[in-house]
Amino acid sequence: MATEAPVTSSSTPGLARFNALPESAATAALHEACASSAWGSKLLSQRPFPTVEALFAASDAAMAELTAEDLAEAMAGHPPIGRPKPGDPTSSREQRGMAGASEELKAEMLELNLAYQEKFGHVFLICATGATGEQMRDAVKTRIGNTAEQERETVRTELGKINRIRLTRLVETAEEDKD
């Protein structure tokens, strides 16, 4: 069991709950946030977190250290934009901007996703939360011109944003989800 972190137990019940999770449950929760096992292991080894900001800092540091293979593992957990995983509320929520897109825009995104995947060897990844379908389309059109190295670092940044959103959700919902 994790040691007590007094700051979290009173100010952030969800973070205190996450800190106290058995290792297997914490590993599973982190895997839901990011499919990179290296990222999850680094965060797991640093529990307990005294604050959400400390959790974010650990996430950012772990993200900065991921190898190309670790990034590929993380990206494998993300469906293509415009095609959220069936039955996955996280994927649907994050891609909400494409839900109301026209069939023309959806078809264009499919073509762009395929061209991007052919060039870079992985799905187009963007922090889609709050973005419109048009903004996502414009981003893929711009980023397809990147070099592989530029795109790898852009993906790292986008994954970091996604991880922060998902970690926030984890510590905000940890209390009610476990009761």
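Reply: Leaving aside residues up to four places away in sequence, Ala 35 touches Glu 73, Ala 74 and Gly 77, where a contact means heavy atoms within 4.5 Å. This is a predicted model, in which local features need pLDDT of at least 70 and side-chain atom pairs count only at pLDDT 80 or more, while totals for chains, interfaces and linings use all residues. Residues are numbered from 1 along each chain as its sequence is written, and side-chain values use heavy atoms, with hydrogens and water left out.

Ala 35 belongs to the loop between helix 3 and helix 4; helices (H or I, at least four residues) and strands (E, at least two) are DSSP runs numbered from the N terminus. With a relative accessible area of 14%, Ala 35 is buried (under 20%; exposed is over 50% and partly exposed in between, with a 1.4 Å probe and protein chains only). Ala 35 and Glu 73 are 38 residues apart along the chain, yet 6.2 Å separates their C-alpha atoms.

The axes of helix 3 and helix 4 come within 9 Å and cross at roughly 135°; axes are lines fitted to C-alpha atoms, for helices over the stretch in contact, with angles from 0 to 180 degrees between N-to-C directions. Helix 3 and helix 4 are therefore oblique to each other, since angles under 35 degrees count as roughly parallel, over 145 as roughly antiparallel, 65 to 115 as roughly perpendicular and the rest as oblique. Helix 3 contributes Glu 23, Ala 26, Thr 27, Leu 30 and Ala 33 to the contact, and helix 4 contributes Trp 39, Gly 40, Leu 43 and Leu 44.

Helix 4 also meets helix 5, their axes coming within 9 Å and crossing at roughly 140°, which makes helix 4 oblique to helix 5. On the helix 4 side, Trp 39, Lys 42 and Leu 43 make this contact; residues on the helix 5 side include Leu 55, Ala 58 and Ala 62.

Trp 39 and Leu 43 are also among the residues with the most contacts inside the largest nonpolar core, which has 45 residues; such a core is a set of buried Ala, Val, Leu, Ile, Met, Phe, Trp, Tyr and Cys residues joined through side-chain atoms within 4.5 Å. Helix 3 (23–33), helix 4 (37–44) and helix 5 (52–65) are among the helices that each supply at least two residues of this core. Phe 18, also named among the residues with the most contacts there, touches Ala 26, Leu 30 and Leu 55, among others.
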